[in-house]
Amino acid sequence: MPGLSRVRSDTLPQMAHLTVRAAAARLGVGYSTLKRWIRTGRVRTALTDGGHHRIAENEIDRLLAPHQPAAAPPAADADEWLAGLSARNRLPGFVDEVRIDGLLAQVRLRVGDRALTAVITADAARALKLRRGDAALAIIKSTEVMVAKPATATRHTGSKRRRSRQVE
């Protein structure tokens with residue numbers, strides 16, 4: 001089988017070896033999944049005199065390495081983080097009102113002489129500790145188009161409508 005290391009247990013250097021079941025538990029996969037990996041050569045094992053697979057600690061570490069969380073990025077000033085943000089529409093203002101109801105929060109910002117309302121998660125509003133009068137920055141990244149209609153709109157008829165004929 002390709003990539004399968006078959007080493008007799010009496011020739012193994014003195015390092016910790018796990019059974020397939022114990023290794024599967026450490027890796028967080030099922031026993032049958034790990035056995036399949038062994039058969040396909042994805043996992044290097046050693047064989048005991050009785051023909052049982054044993055997996056070395058360093059092999060477990062090799063398999064776990066791609067799944068380790070990346071180190072947290074170094075702490076930076078908030079302005080540095082915003083400088084790399086792709087949204088360019090940034091409107092400075094202050095919090096006029098915060099309403100939290102269930103999972104959502106409605107935040108009204110005063111930007112110049114205009115009001116801007118944002119709906120964010122309640123968790124985000126709490127994490128930001130938004131309070132009336134706080135300085136805030138509205139960052140707008142448009143991914144949708146909204147349609148508005150003036151209250152005194154005139155009706156545009158355009159060209160004559162053609163009646164569609166039903167086809168039988």
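The model is predicted, so local features need pLDDT of at least 70 and side-chain atom pairs count only at pLDDT 80 or more, while totals for chains, interfaces and linings use all residues. Residues are numbered from 1 along each chain as its sequence is written, and side-chain values use heavy atoms, with hydrogens and water left out.

**Exercise 1. Find how many helices and strands the protein chain has, and in which pattern they follow.**

Step 1: Helices (H or I, at least four residues) and strands (E, at least two) are DSSP runs, numbered from the N terminus.
Step 2: The protein chain holds five helices and seven strands.
Step 3: Going along the sequence, the pattern is β-α-α-β-β-α-α-β-β-β-α-β.
Step 4: For burial, take under 20% relative accessible area as buried, over 50% as exposed and in between as partly exposed (1.4 Å probe, protein chains only). Of the 168 residues in the protein chain, 20% are buried.

**Exercise 2. Trace the network of salt bridges around D96.**

Step 1: A salt bridge is a side-chain nitrogen of Lys or Arg within 4 Å of a carboxyl oxygen of Asp or Glu. The whole structure has eight of them.
Step 2: Start with R108, whose salt bridge with D96 has its closest N and O atoms 3.2 Å apart. R108 is in strand β5 and D96 in strand β4 (residues 89-101), so this pair links distant parts of the chain, twelve residues apart.
Step 3: Turn to R110, which also forms a salt bridge with D96, the closest N and O atoms being 3.3 Å apart. Because R110 lies in strand β5 and D96 in strand β4, the pair ties together parts that are 14 residues apart in sequence.
Step 4: Together, D96, E97, R99, R108 and R110 are linked in a network.
Step 5: Now sort by burial. D96 is buried at 10% relative accessible area, whereas R108 is partly exposed at 27%, R110 at 26% and R99 at 47%.
Step 6: Strand β4 also holds V95, which is buried with a relative accessible area of 0%.

**Exercise 3. Describe the largest pocket and its lining.**

Step 1: On a 1 Å grid over the protein atoms alone, a pocket is an open set of points where a 1.4 Å probe fits, with protein on both sides within 12 Å along at least five of seven lines; lining residues have an atom within 4 Å of a point.
Step 2: The largest pocket contains about 380 Å³ of space, a volume filled by probe spheres set on points joined across faces, edges and corners.
Step 3: Its lining has 16 residues, with L109, I120, L137, A138 and I139 nearest the centre. Two or more lining residues come from each of β5, β6 (114-121), α5 (122-128) and β7 (135-140).
Step 4: β7 gives the most, with six residues.

**Exercise 4. Locate L104 and say whether it counts as buried, partly exposed or exposed.**

Step 1: L104 is found in strand β5 (residues 104-111).
Step 2: L104 counts as partly exposed because its relative accessibility is 47%.
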